[in-house]
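Colleague: I would like a close look at one part of this model. Please keep it brisk.

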Protein chains: 2
Amino acid sequence: MNRKLNITELDRMSVDEFKHSRKIPLVVVLDDVRSMYNVGSVFRTSDAYRVECIYLCGITARPPHAEIHKTALGAEDSVEWLYFQNPEDAVMDLRRRGYRVMAVEQAEGSVSLPLPDHLFAEPPDGYGLVFGNEVKGVHQHVIDLCDGCIELPQYGTKHSLNVATTAGIVIWEMAKLFTLKFEI
Amino acid sequence: MNRKLNITELDRMSVDEFKHSRKIPLVVVLDDVRSMYNVGSVFRTSDAYRVECIYLCGITARPPHAEIHKTALGAEDSVEWLYFQNPEDAVMDLRRRGYRVMAVEQAEGSVSLPLPDHLFAEPPDGYGLVFGNEVKGVHQHVIDLCDGCIELPQYGTKHSLNVATTAGIVIWEMAKLFTLKFEI
């Protein structure tokens, strides 16, 4: 019998404990993400996997906002975020810090998930993951500033997954690898 | 240089080709999922990973519906679905067919993702995955009819991930294993 756990038994940390907890060295960059539902979902996933920071760029909405709160459910208070008008500045900030920045996009020469071990053979100080607009994806001029592209293999009729779902899967795969390789 | 692929280069299959394509032996059960945004996202993920069928139960909305279409973007036409008033009937249908049915829920004795190999040591004819309401999760009386629970480890402040994100991650993990173990 699998009895459901109640919220007390889940024993989650408080926002204050979260702020002081160890994070995975991963920054999520959202560039021109139009839907606040998607922004909120990414905050919630980033809370669950202790993402270091979210960089909100361009038209991407910023907290506090009722529509973001609807899906973030408070995760917009735990996860750190910064706003950059230009996504190029966000990418260059990460590169200057020694982070390897990957655009999540279907592109020539992209690396397919699950991530191959060699990506972690000489681990950088951290990773940046850039997710783009729901319709247009990551801008080519932003991709050109990145170290490469990551893509999710897909076998159906539609050309892409929802951006919050994609972020969920890629953050999850990264979190597994960080936990394994960086022993966080 | 990672040049973005255009929609023609992605070379996706048509809805008719999808109908005749080989699927992974996985049925996704949505029980009392309130948000049509979430239902649509699950259709889109199920299209990408060629899920056999989606069982929509209880208050879960059914296609055709403008709000589902907004996030499914046509995947509601490719992926097969059935409606069951009672989730119990959906679970029992799958069990009768020899499928192993797992509720995705934080519960005593649950199996944590990534899925351990032993789950696939004696593979059943297929798998069913039950996802529940956004607030209440999977009903305990439905869990009681399942073969077990699967849960996503989470390390933040919130008690759960968004249901469409959770479904994305679990379907992705299942798809990887089916591709490996069943050679689809």
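Colleague: How many residues of α3(A) are buried? Please take that helix and its surroundings in detail.

Modeller: This is a predicted model: local features need pLDDT of at least 70, side-chain atom pairs count only at pLDDT 80 or more, and totals for chains, interfaces and linings use all residues. Residues are numbered from 1 along each chain as its sequence is written, and chains are lettered from A and ligands numbered from 1 in the order in which they are written.

For α3(A), 13 of 13 residues are buried, so the helix is mostly covered. Buried means 20 or more other C-beta atoms within 10 Å of the residue's own; exposed means 12 or fewer, and partly exposed lies in between, with C-beta atoms placed from the backbone. Helices (H or I, at least four residues) and strands (E, at least two) are DSSP runs, numbered from the N terminus.

The length of α3(A) agrees with expectation: its 13 residues should span 18 Å at 1.5 Å a residue, and its end C-alpha atoms are 19 Å apart. The expected span is 1.5 Å times one less than the number of residues.

After α3(A) comes Arg50(A), with a positive phi near 50°. In chain B, Arg50(B) also has a positive phi, about 50°, although it is not a glycine. Arg50(B) sits in the loop between α3 and β2 of chain B. It counts as buried because it has 23 C-beta neighbours inside 10 Å.

With 20 C-beta neighbours inside 10 Å, Asp32(B) is buried.

Next, the strands. β1 (residues 24–31) and β2 (residues 51–57) of chain A pair in the parallel sense over six bridges. Pairing requires at least two DSSP bridges between two strands. Leu30(A) has Leu56(A) in β2(A) as its bridge partner. The open sheet has seven strands in the order β3-β2-β1-β6-β4-β7-β5 (chain A), with parallel pairing.

α3 (36–48) is also among the elements that give two or more residues to the side of chain A that touches chain B. The contact takes 52 residues from chain A and 52 residues from chain B. Contact means C-beta atoms, placed from the backbone, within 7 Å.

Terms used:
Two residues are in contact if their C-beta atoms, placed from the backbone, lie within 7 Å.
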